[in-house]
Amino acid sequence: MSNEISFVHSWYGCAALVVFIIAYILVVLEEHTCFRKSKPVMLAAGIIWMIVGVAVYGTPQAKGVAEHFRHNLSEYAEILLFLLVAMSYVNILTERNVFTALHSRLERGGWTYRQLFWLTGIIAFFLSSVADNLTAALLMGALVVAIGKNSKEFVAVTCVNVVVAANAGGAFSPFGDITTLMVWQEEKATFFQFFHLFIPALVMWLIPAYIMSFSVPLSVTKNVEGAEIVMLKRGAKRAMLLFVCTIATAVLGHNLLHLPPVYGMMFGLVYIKIFGYYLKIRSTEDIPFDVMRHIQELEWDTLLFFYGVIMSIGGLGYMGYLTWLSGVAYSDWTWFQFSHEVSITAANIGVGLLSSIVDNIPIMFAVLSMNPDMDLSQWLLVTLTAGVGGSLLSVGSAAGVALMAYKGSYTFFSHLRWTPVILIGYVASVVVHLFLNSNL
């Protein structure tokens, strides 16, 4: 970074790092404090950039602070608007009974527990690639808890399977995870190049799922009491088609016109707004369809959390921490007598292991800010590991944390029981990627 002064070993740098660590601890302890997760990191971002301003006050570097702040802010703005559209579509499909109808059909299906184990895993894997891993996990988790009320063992192991499947499915599509989206928006890989990760991601899910499936009962589930037939509301299928068209617009706009993906997503918001007006004037429902209502109902705390994370790490990066960390992680392995390629591979595998205890969003943003000299195969590797590494522990991903909120049989320790099995899948997925995609 031009005109950068290193504050890593200064009081200013230490103070900024302490502020960020305290904020992260408060985020981890979110359920036990009065803070929502956006508050600590937004406060940290404000304090860190204040420290940056004070540190460079009166120096030639002071003029560049605003430029660096705006650069990080523009990165956040692209992610914010992209997610705003994607999450709005998910809310609209939910309101049109798309997911409720799917729940109803599965609840009334008379499946065996083992069939439902595989079915919910398959749906979570593929659904997370177009919605996101959190949405897929919540939808399938709610179904598992509802159907498995009489089998705690089924709920525990199937929720683990859903978390692993959702995280794996989100790793091979830019629409499946924030980390994958960030890599795509930074143009480290094209949209279709991410599909090289499909087989490694599938391996990451299938191996643990196969082993875990033997602990699932073979008995037939009972129909959930009160389960009823749920019909799709008017316009549900057309809303799904418009979502597909929005994704296509984002992909084609990026690949053919070289415009950022957020262009296509915002264009796609127009599709549903026009269709929403048609539904509104033709509606016979008590509450007419309104797109803006679904935008207002977004999880704004999560969106603001991303602001705090990106701006905090941006501030630490300006103070030299990312340059120092990049040297430690991606360059200074010569004392192990590793080659440069092996050192980068080891660092990227370590990113996945770290993401099991630290949220993968700040980790991936830090890697992108370091911008290490890596080829396409290595960028895809770090995308894979950061996406699926969170499956090793229940607290390692938003999907796992969300399912623990059901206060049922799925807990930190029920997930930890299967961590060795998930680790086998993690190692296998990395090996498969290195074997299949090392020539990229």
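**Figure 1. Meet the whole protein and its confidence scores.** The protein has an average pLDDT of 84, and 91% of its residues score at least 70; pLDDT is the predictor's confidence in each residue, from 0 to 100. This is a predicted model, in which local features need pLDDT of at least 70 and side-chain atom pairs count only at pLDDT 80 or more, while totals for chains, interfaces and linings use all residues. Residues are numbered from 1 along each chain as its sequence is written, and side-chain values use heavy atoms, leaving out hydrogens and water. Among the elements, helix α9 (residues 198-213) has the highest mean pLDDT (95), and helix α14 (residues 321-330) has the lowest (74). Where pLDDT is low, the predicted coordinates should not be read in detail.

**Figure 2. An overview of the fold.** The secondary structure comes to 20 helices and zero strands; helices (H or I, at least four residues) and strands (E, at least two) are DSSP runs, numbered from the N terminus. The radius of gyration is 22 Å, close to the 22 Å from the globule rule for 440 residues, so the protein is as compact as a globular protein of that length. That radius is taken over C-alpha atoms, and the rule is 2.2 Å times the number of residues to the power 0.38. Along the principal axes, the C-alpha atoms fill a box of roughly 70 × 55 × 45 Å.

**Figure 3. Helix α6 against helix α7.** Look for α6 (residues 133-147) and α7 (residues 152-169), which pack at an angle of about 160° with their axes 9 Å apart. That makes α6 roughly antiparallel to α7 (under 35 degrees counts as roughly parallel, over 145 as roughly antiparallel, 65 to 115 as roughly perpendicular and the rest as oblique). Axes are lines fitted to C-alpha atoms, for helices over the stretch in contact, and angles run from 0 to 180 degrees between N-to-C directions. Contact means heavy atoms within 4.5 Å, and the α6 residues that meet α7 include Met140, Gly141 and Val144. The contact residues divide into ten nonpolar, four polar and no charged.

**Figure 4. Helix α13 beside helix α16.** Here α13 (residues 300-318) and α16 (residues 360-370) pack at an angle of about 35°, their axes 10 Å apart. Phe306, Val309, Ile310, Ile313 and Gly314 of α13 meet Ile361, Pro362, Phe365 and Ala366 of α16. This contact has eight nonpolar residues, one polar and no charged.

**Figure 5. Helix α8 beside helix α16.** Helix α8 (residues 178-185) packs with α16 at about 20°, with axes 9 Å apart. The two helices are therefore roughly parallel to each other. Ile178, Thr179, Met182 and Val183 of α8 make the contact with Asn360, Ile361, Met364, Phe365 and Leu368 of α16.

Definitions and conventions: Nonpolar A, V, L, I, M, F, W, Y, C, P; charged D, E, K, R; others polar.
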